[in-house]
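Take a look at the protein below.

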Amino acid sequence: MADVCVIGAGPAGSTFAARMAQLGHQVNLIERKLFPRRRLGESLSPGVMTLLRAADMHETIEAAGFPRVRRVWVKWADGPRFREDLREECLLVDRGEFDLRLLERARAFGVRVHQPAHVLEQIWDRAKWRLTVDVDGTSMHLAADFVANASGRRGVSPRRQTKMGASTLAVYGYWRGASVRTAPWIEAGEDVWYWGVPVPDGTYNTLVFVDPDRFRSAPGSNLSERFLGLIGRSGLMADCRDAELVASARGIDATPYLSSDCVAPTRIQLGDAALAIDPISSSGVQKAIQTALSGAIVANTLLGRREMINAALDFYGAQLSDASERHRRWAAGHYRAVADQCDRPFWRQRSAPFETREPPLLPAFEAGALATTPVELSPELEFVLTPCLRGDFVSLASALHHPRLGSPLVFLGGRELAPLLQKLPPGKTPLQIAQFWSNRMPLKSGMAIAGWLVNHGVLVRQSKQGGAPS
């Protein structure tokens with residue numbers, strides 16, 4: 001058992017604190033502001049609840065009864081339309097209540113919460129972290145074996161930020177009125193893009209994402225006037241005649257970045273203190289909770305398995321780097337769709353990382369061939385010892401490395417792949433391989449894994465001579 005101090009009680013901080021308490025550690029959680037407090041990020045991607053379920057923090061959010069939506073009004077490169085996904089639902093939350101519920105759930109797991117409080121001094125004395133904390137005007141001293149920084153963008157020094165996209169300013173305001181919209185809205189403008197989301201308290205949040213320099217030169221004597229001018233050029237509030245701004249517009253930095261100093265043997269950065277992804281993904285909260293869950297296993301390893309320190313550090317750094325690069329390319333693809341029609345610097349800059357080059361198409365493999373065509377391991381496949389999450393710790397496992405895989409792959413469908421493939425009998429069809437695995441998993445699961453490996457070039461048609469695949 002170790003003493004852990006967490007700074008910041010947003011979704012990342014509360015989730016990390018709860019998981020560390022579940023793992024048996026003594027946890028202090030320090031938060032600057034009283035809850036509830038208004039925060040951006042009211043539209044949560046469908047994966048958020050799956051992650052919270054893994055941390056046993058889902059019930060308190062489900063009990064809140066936050067509305068769910070499947071339809072979003074989109075005016076992007078392919079014209080205005082309602083986009084609807086019948087399989088997945090976004091959650092529209094009051095972030096003040098959402099964050100408060102997560103915090104109270106962490107408290108229920110035994111986390112000691114100090115609020116309002118902020119750290120005055122933080123020193124490592126080669127044995128412990130010594131923290132001096134102002135708790136509502138009273139000084140308090142804490143000693144910790146491990147410190148997690150989940151204090152958002154202010155938690156990472158600009159000198160330790162690697163920009164992962166163009167500089168972006170998010171200017172936003174909340175509206176109230178009988179005619180405000182009831183569905184999320186996303187729209188591409190000439191040199192900006194817009195996002196609107198209804199909030200459970202009846203307000204409607206509108207955001208403009210713009211180049212900071214261009215915004216400063218926009219018409220208007222102050223931030224609110226420039227904001228209203230840009231909103232007026234979109235369809236966001238076009239039919240909302242009685243809507244009024246609840247308060248003056250505000251702006252925050254929305255530039256994506258990656259921290260170059262995200263983890264060390266006695267500390268870790270979580271959420272926006274570790275990385276910020278492009279807002280076009282609308283999955284910042286989901287990514288923050290992901291860093292908290294994996295970060296808790298990394299921290300537990302650093303505290304409890306000294307022989308795995310380097311593996312734990314490598315795992316967390318690689319995970320953040322891979323996630324940042326994956327989101328960067330995904331976002332660039334969306335911006336490129338507009339840049340191809342609107343040749344403006346705003347869109348060109350944001351689409352720059354996008355690459356259209358794809359790996360060569362695989363030879364056609366009909367569904368019926370799964371039962372009749374022998375396959376073998378691709379000659380491009382390698383098995384490389386790689387850090388991964390296993391239970392409550394980081395460990396080393398044999399991972400699949402292949403040009404068609406975006407990153408090293410250890411598990412698929414909850415199954416460890418290397419043990420399945422390293423003892424694969426030769427000359428078998430995908431169906432026979434699934435049957436060979438039937439003592440480890442249901443046939444249906446085996447067929448799904450075998451089919452995925454075929455589709456990704458890991459399993460290829462067996463050559464007639466048993467050498468390189470044809």
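A salt bridge is a side-chain nitrogen of Lys or Arg within 4 Å of a carboxyl oxygen of Asp or Glu. By this rule, the count comes to 23 salt bridges. Keep in mind that this is a predicted model.

## Salt bridges

| Pair | N to O distance | Relative accessible area |
|---|---|---|
| K128 and D3 | 3.7 Å | K128 21%, D3 29% |
| E62 and R53 | 2.9 Å | E62 37%, R53 42% |
| R329 and E325 | 2.7 Å | R329 33%, E325 22% |

Start with K128 and D3, whose side chains meet in a salt bridge. K128 lies in the loop between strand 9 (117–124) and strand 10 (129–135), while D3 lies in strand 1 (residues 3–7), so the pair ties together parts that are 125 residues apart in sequence.

R329 and E325 tell another story. Both lie in helix 8 (residues 309–339). They are four residues apart, about one turn of the helix. An α-helix has 3.6 residues a turn, so residues three or four places apart point the same way. The closest N and O atoms of R329 and E325 are 2.7 Å apart. R329 is partly exposed, and E325 is partly exposed as well.

The remaining pair in the table is E62 and R53, joined by a salt bridge of 2.9 Å. E62 counts as partly exposed. So does R53.

Salt bridges can also link up. Which residues are linked in a network of salt bridges? They are E190, D191, R214 and R344.

## A patch of positive charge

Now turn to the surface. R32, K33, R39, R154 and R250 gather there in a patch of positive charge. One of them, R154, has its place in the loop between strand 12 (146–149) and strand 13 (161–163). R154 has a relative accessible area of 57%. Exposed means over 50%, so R154 counts as exposed.

The loop between strand 12 and strand 13 also holds R159. R159 is exposed, at 78% relative accessibility. Follow the chain on from R159 to S260, and you cover 101 residues. Yet the C-alpha atoms of R159 and S260 are separated by 9.0 Å.

## Two sides of helix 2

Helix 2 spans residues 47–54. Which of its residues are buried? They are V48, M49, L51 and L52. These residues cover an arc of only 160 degrees around the axis, which puts them on the same side of helix 2. What lies on the other side? There, T50 and A54 are exposed.

Just after helix 2 comes D56, which takes a positive phi of about 55 degrees. D56 does this although it is not a glycine. Its place is the loop between helix 2 and helix 3 (58–62). With a relative accessible area of 32%, D56 is partly exposed.

## Other points along the backbone

S282 is another residue with a positive phi that is not a glycine. Here the angle is about 50 degrees. S282 is found in the loop between strand 23 (275–276) and helix 7 (284–304). S282 is partly exposed, with a relative accessible area of 29%.

Next, look for cis peptide bonds. One runs from F35 to P36, with omega near -5 degrees. P36 has its place in the loop between strand 2 (26–30) and strand 3 (43–44). A cis peptide bond also joins Q115 and P116. Its omega is about -5 degrees. P116 lies in the loop between strand 8 (112–114) and strand 9.

## Looking back

Go back to the structure and find these places for yourself. Start with the salt bridge between K128 and D3. Then find the surface patch that includes R154. Turn to helix 2, with V48, M49, L51 and L52 buried and with T50 and A54 exposed on the other side. End with the cis bond from F35 to P36 and the one that joins Q115 and P116.

Notes: Residues numbered from 1 in each chain as written. Predicted model: local features only at pLDDT ≥ 70, side-chain atom pairs only at ≥ 80, totals over all residues. Heavy atoms only, no water. Patch = residues over 30% accessible without salt bridge, like charges linked within 9 Å, V, L, I, M, F, W, Y side chains within 5 Å. Areas by Shrake-Rupley, 256 points an atom, 1.4 Å probe, with all protein chains shown as cover. Lys, Arg positive; Asp, Glu negative; His and termini not counted. Charge placed at Lys NZ, Arg CZ, Asp CG, Glu CD. Buried < 20%, exposed > 50% of the residue type's maximum accessible area, 1.4 Å probe, protein only. Arc of directions from axis to C-beta.
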